[in-house]
Amino acid sequence: MELIHTVAWMRQVAAEARRGDCPLGLVPTMGALHEGHFSLVREAKRQCSPVVVSIFVNPKQFGPSEDFQKYPRTLDADRAALENLGVDYTFAPAPEQIYPSGFRTAVSVEGLSDKLEGRSRPGHFRGVTTVVLKLFEIVQPRFAFFGRKDAQQVRIIRQMTGDLALDTEIAVCPIVREPDGLALSSRNAYLSAGDRRAATVLYRSLDALRREISAGDRDVVHLVATVRKIIEAEPGVALDYAEIVDADTLEPVMALRKTCCALLAARVGNTRLIDNALIEPAGESFIVTL
Ligand code: AMP
């Protein structure tokens, strides 16, 4: 595996790789890699060759009072793991490579970016789309792999690739969870033992939602109230939002009809975690995927 630090070198290597017979795949990450990331890498390896994994803790997607400085950085371990997975290139640029002095451009997907996560984290998605477009432009992958863990992010990036007619297809991979249901996240490293136990409440609330939907409940107000009640009953956990939204518009729905998403965010101790469930119509019933 080759470790690449500069935009110029990454661009050149990717240009050569695109001349091959197989599609080039990109897995964008912020590092501190875990099984969630590895599942994306394995899927990328299945569909693409070569595979580029980017590791870049993107300052523009962190708010001024967020955890940019203390975000876990574990490049040596990440690199060894990616080597083992048979990744061809790891692109780990310094911030000045991506944002040289005088950088002034931003990409923003209107409407979808200021709801839900965007409401709680103003400017977050603008930072995400700006860096993802730049990575797409440097690597020009045929496929890019993202996790449904960040469902709103996937929706926004798909909108961006469509609007800008980018020649990169977005592949979405399932959420990888711990045995007790907690979605893997680099931020789980911040959780104390007590926080870690409490953090399962996100999954437990979505699992309760799934049970209610299978039992025939279609009343969104009631379903959301169930999720809220479970989370609000957990000591040390502060709910930020819990909403059931249309998967396309991200607008709250009144009743379950089309494909929807239950999205939630909560602070567990000092750590902000997100989770979601996909709710898809299947004949008269719905399939809820956690
Ligand atoms: P991050 O390093 O947090 O920016 O995540 C990089 C990519 O990994 C994003 O597409 C995430 O959605 C994905 N990802 C993070 N955690 C998980 C998980 N538990 N399951 C699946 N994908 C994940």
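Are Phe56 and Tyr99 buried or exposed?

1. Both Phe56 and Tyr99 are buried (under 20% relative accessible area with a 1.4 Å probe, protein chains only; exposed is over 50%, partly exposed in between). A quick caveat: this is a predicted model, where local features need pLDDT of at least 70, side-chain atom pairs count only at pLDDT 80 or more, and totals for chains, interfaces and linings use all residues. Numbering starts from 1 along each chain as its sequence is written, and side-chain values use heavy atoms, with hydrogens and water left out.

2. The count of aromatic pairs is five (ring centres within 6.5 Å; planes under 30 degrees apart are stacked, over 60 edge-to-face, the rest tilted). For Phe56 and Tyr99, the centres sit 6.1 Å apart with the planes at 50 degrees, so this pair is tilted. Phe56 is in the loop between strand E3 (51-55) and helix H3 (75-84), and Tyr99 in the loop between helix H4 (95-98) and helix H5 (117-120), so the pair ties together parts 43 residues apart in sequence. Ring pairs also link Phe56, Tyr99 and Phe103 into a cluster.

3. Phe62 and Phe68 make an edge-to-face pair, 5.4 Å centre to centre with 65 degrees between the planes. Phe62 is buried, at 9% relative accessibility.

4. Now the helices (DSSP runs of H or I, at least four residues; strands are E, at least two). H9 (residues 201-214) and H10 (residues 220-232) pack at about 150 degrees, axes 9 Å apart, which makes them roughly antiparallel (over 145 degrees; under 35 is roughly parallel, 65 to 115 roughly perpendicular, the rest oblique). Residues in the contact (heavy atoms within 4.5 Å) include Leu209 of H9 and Ile230 of H10.

Terms used
Axes fitted to C-alpha atoms, helices over the stretch in contact; angles between N-to-C directions. Phe/Tyr/Trp six-rings, centres within 6.5 Å; stacked < 30°, edge-to-face > 60°.
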